[in-house]
Number of protein chains: 2
Amino acid sequence: MSLIVMKFGGSSVGTPERMQRVAKRIIERQQEGHRIVVVVSAMGDTTDDLIDQSKLLNPNPPAREMDMLLTTGEQISIALLSMTIHQLGGKATSYTGWQAGFITDDNHGKARIQDIRPERIFKALAQDQIVVVAGFQAMSADGEITTLGRGGSDTTAVALAAAIKADLCEIYTDVDGIYSTDPRVVKCARKINEISYDEMLELAHLGAAVLHPRAVEYAKHNNVCLVVRSSFTYNEGTFVKEEAVMEQGVVVRGIAFDKNVARISILGVEDVPGVLANVFGALAQNGIDVDIIVQSGVSVGKADFSFTVSASDKDKAIQVIESVRDAVPYRETSSEDGLVKISIVGAGMVSNPGVAATMFQAISELGVSIKMVSTSEIKVSCVIAAEPLQDVVRALHTAYGLDTEEQVFVGGPQDRRE
Amino acid sequence: MSLIVMKFGGSSVGTPERMQRVAKRIIERQQEGHRIVVVVSAMGDTTDDLIDQSKLLNPNPPAREMDMLLTTGEQISIALLSMTIHQLGGKATSYTGWQAGFITDDNHGKARIQDIRPERIFKALAQDQIVVVAGFQAMSADGEITTLGRGGSDTTAVALAAAIKADLCEIYTDVDGIYSTDPRVVKCARKINEISYDEMLELAHLGAAVLHPRAVEYAKHNNVCLVVRSSFTYNEGTFVKEEAVMEQGVVVRGIAFDKNVARISILGVEDVPGVLANVFGALAQNGIDVDIIVQSGVSVGKADFSFTVSASDKDKAIQVIESVRDAVPYRETSSEDGLVKISIVGAGMVSNPGVAATMFQAISELGVSIKMVSTSEIKVSCVIAAEPLQDVVRALHTAYGLDTEEQVFVGGPQDRRE
């Protein structure tokens, strides 16, 4: 008998029919002999609707009151889901974040979990109850209602799984799992059976819609075994854990890409100490996220830097650089947008020489020039022109032996149902 | 500087404009130099909408989960009202029932208040905050979310006023106060300036829409001074308190009537001990509320009883009586519906002989026959045919000197705004 946390997102419970399907799924899992704790998000558009209501009355409301408002969304979900489980013959008890024992700091809107006191959950489990917990929400030590911010419900599920020492944390979503690349781009994308935490973090852009990076970090830190699976099919899904088995002959786990990338170069920078800190400190202070940073070799006391930002941040970033010209003397800047970052990710890469070379070769065979390169132990990223992106992804997918014969259907959930 | 509880019902905050008007009203009251605690209900149709949603999933949901669901309604109200107060330049902090320290038994859906621990409210008041508390909701000693049942938000306001020793509990509604009778029937109805708790309870049918009897009982028990006033005008409203001043020359405070009354008579009942207990015990067990009970004199060991029930309960009541015929032998039953109960209420009645006679006289002058009479120290009720009800109410209103020269406008709130 396992102890399992099942997490359902807002779209999985967005209509009465979906709520009923989820309730049935939960009861089935219990009938297989497991003890079940469910974490659920606010239904469908509830959170957005509440935000819209608040904006009419106060465009810039206090974060504390926003938390008071938004936490009603999950409270509605847990009550309705518990009622539905009862209607289908199960026994369920719902708990808000504070009732479930989630204690955070008082940083409203993005509180950090400090402690989880799951006594009530264990008590309910001992009475054969299905425990239904509101995602995203908690309480500060002072009894204030708080929320965990982005990816909140995933984090709730993982943190709760760690606190109650669950055997498995199942993240139910509207896709079958994590794919080797975006199936909308590569029809023969392969569902990944197992993936390590680090690989999952690198593939965040592939999995972001179904698994928030913060939750993956939390899982890694607490060694919680995750599985991402569909709430519409009974397929096995993708397991995310510390040691993930590689299929034979495969060294790359997945291929991710990030559109709307811009490159900015600062050329002829005086090589004085603190230059990098000045530039990137100023960018950070202005809320600009910098991704890849490349410094080419220094010659006669001058250096060239290049870095990437989101295309929408490009103009602002250049303004920031100009504003620090006194502290960072340079000759000129240049910039370019309409780029993409394409990355291959795989934990086995470090022990397989030639993985990067295969990537460069495949890209160059398409006549595409590589503008920047960045590597980590489990990743190689190239920045290239956006235009032949699909061709490049397909070529890499084939080059690394990831193609499967099965075609993935990407449509509404109905299309994928079995 | 007074400590004032201001209670607003769901219709007072049902739209963004109304929410803003309420927020402005609250800030004004604070600026007059008072410390302010606000109690607010769920907005407009929120509660009904939540109930509708739940019925789709479970027509008979567990009461605990229903409380979990419905309490989100007031939580949304308190958050949005606090945000609106901030937007208008005030300082407000919202508290759910459990945060405000309301402790009840665990009788979900109709919990009774056991304790109120208002430490957080006092702390916020000391920081010049306007405190906004969710009506209708509380927490059991076990940390379960509970609701107070019918009239819940009025009860929250009154109980909180008692617990924090407020100088005044203001119930804001969409009418100017309690009237001497229904202004839709008598255009020259008089707004009552002061009324005693007992009179208010007897006039429940006049005030039910604006003041729940349970809250009046709570106010009487704790000697909380109430005022019922409009959230749309600045008129003074009606004070409800222990000792209410009577205007000179007036002995009747108000005239209430209850439509849809049915009379049932049991004739020729064997006069054995326990007969009344058998009949009315059986009716109560079947959920039938009996109002007036009249027993006419016993002759040769047989008695006649008459009582009134709601017209919709008449047929069921007769079935119940037939079902206990073995225990309560009787000759026959008779019944009649299409009746009304009309009541005059006034604390001074007991010391003014002839008050009842004036009533009988006024009714008989209209050629209306009186079918039943019931009296208490502060009330005389007559059951009559429904038909000339308006004429009877107007005649009594005039006979007891209640007519005012001002006409009351009964339209939308806009009509009454000053």
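These legends accompany several close-up views of a predicted model. In this model, local features need pLDDT of at least 70 and side-chain atom pairs count only at pLDDT 80 or more, while totals for chains, interfaces and linings use all residues. Residues are numbered from 1 along each chain as its sequence is written, chains are lettered from A in the order in which they are written, and side-chain values use heavy atoms, with hydrogens and water left out.

**View 1. The largest nonpolar core has 74 residues.** A nonpolar core here is a set of buried Ala, Val, Leu, Ile, Met, Phe, Trp, Tyr and Cys residues joined through side-chain atoms within 4.5 Å; buried means under 20% relative accessible area, exposed over 50%, and partly exposed in between, with a 1.4 Å probe and protein chains only. The residues with the most contacts inside this core are A:Ile26, A:Leu81, B:Ile26 and B:Leu81. Apart from it lies another core, of 43 residues, including A:Leu3 and A:Val158.

**View 2. A:Phe8 and A:Tyr172 form a stacked aromatic pair.** Rings of Phe, Tyr and Trp (its six-membered ring) pair if their centres lie within 6.5 Å, and planes under 30 degrees apart count as stacked, over 60 as edge-to-face and the rest as tilted. For this pair the centres are 4.6 Å apart, with 15° between the planes. Because A:Phe8 lies in strand β1 (residues 3-8) of chain A and A:Tyr172 in strand β9 (residues 168-173) of chain A, the pair ties together parts that are 164 residues apart in sequence. Strands (E, at least two residues) and helices (H or I, at least four) are DSSP runs, numbered from the N terminus. Both A:Phe8 and A:Tyr172 are buried.

**View 3. Chain A meets chain B.** Here 43 residues of chain A are in contact (heavy atoms within 4.5 Å) with 43 residues of chain B. About 3,400 Å² is buried between the two chains, and carbon and sulfur atoms give 64% of that; buried area is the accessible area (1.4 Å probe) that two parts lose on being put together, summed over both. A:Glu144 and B:Arg120 join their side chains in a salt bridge at 3.8 Å, N to O, the rule being a side-chain nitrogen of Lys or Arg within 4 Å of a carboxyl oxygen of Asp or Glu.

**View 4. B:Ser153 lies in helix α5 (residues 152-163) of chain B.** With 8% relative accessibility, B:Ser153 counts as buried. Leaving aside neighbours within four places in sequence, the contacts of B:Ser153 include B:Lys7, B:Val39 and B:Phe136.
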